[in-house]
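Open the structure in your viewer and keep the selection tool ready. We will go stop by stop.

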Amino acid sequence: QVQLVESGGGLVQAGGSLRLSCAASVRTFSSYAMSWFRQAPGKEREFVAAVSWSGGSTYYADSVKGRFTISRNNAKNTVSLQMNSLKPEDTAVYYCAADGRIVGWADVVSGSFEYDYWGQGTQVTVSS
């Protein structure tokens, strides 16, 4: 069973930065595709960013491109999301997701990929 624990959320003013982290309890972290999603009140959960198994490839939602950076540390079983130039519309619960199936990167970034494992989420609130 994979457990994902997010941390780093909080309250920040518009234009500020936050760094989210997700710690995974798995034996072969490098075999898991990792992503961040978010869900704002009254809205559906949406994709934010994905990072490939080695960390060499990344993919972002248009709404965060240029402001957010996803990265992973396979030695520490962690994935991070550096969020800069935050906007009030970034306010949401942010979730870490992992999937260990043998798939291609094109599948992961297809927009319809469904992850097997999810964290409990961490709240990010951006005030105007």
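Select aspartate 90 and arginine 67. They form a salt bridge, with the closest N and O atoms 2.7 Å apart. The term salt bridge means a side-chain nitrogen of Lys or Arg within 4 Å of a carboxyl oxygen of Asp or Glu. Aspartate 90 sits in the loop between E8 and E9, and arginine 67 in the loop between strand E6 (58–60) and strand E7 (68–73), so the pair ties together parts 23 residues apart in sequence. Here E marks strands (at least two residues) and H or I marks helices (at least four); both are DSSP runs numbered from the N terminus.

This is a predicted model: local features need pLDDT of at least 70, and side-chain atom pairs count only at pLDDT 80 or more, while totals for chains, interfaces and linings use all residues. Residues are numbered from 1 along each chain as its sequence is written, and side-chain values use heavy atoms, leaving out hydrogens and water.

Are aspartate 90 and arginine 67 buried or exposed? Aspartate 90 is buried at 0% relative accessibility. Arginine 67 is buried too, at 11%. Buried means under 20% relative accessible area, exposed over 50%, and partly exposed in between (1.4 Å probe, protein chains only).

Together with Arg67 and Asp90 they are linked in a network of salt bridges. The count of salt bridges comes to 6.

Next, select arginine 101 and aspartate 116. Their closest N and O atoms are 3.8 Å apart in a salt bridge. Arginine 101 is in the loop between E9 and helix H1 (105–108), and aspartate 116 in the loop between H1 and strand E10 (117–118). Arginine 101 is partly exposed at 38%, and aspartate 116 is partly exposed at 42%.

Move to lysine 65 and aspartate 62. Their side chains meet in a salt bridge of 3.0 Å, N to O. Aspartate 62 is exposed, at 66%.

Now select cysteine 22 and cysteine 96. They form a disulfide (cysteine sulfur atoms within 2.5 Å), with the sulfur atoms 2.2 Å apart. Cysteine 22 is in strand E3 (residues 18–25) and cysteine 96 in strand E9 (residues 92–99), 74 residues apart. A search of the whole structure finds 1 disulfide. Why is it left-handed? The torsion about the S-S bond is about -80°, so the disulfide is left-handed. Cysteine 22 is buried at 0%, and cysteine 96 is buried at 0%.

Last stop: E3. Its covered face holds Leu18, Leu20, Cys22 and Ala24. Its uncovered face holds Arg19, Ser21, Ala23 and Ser25.
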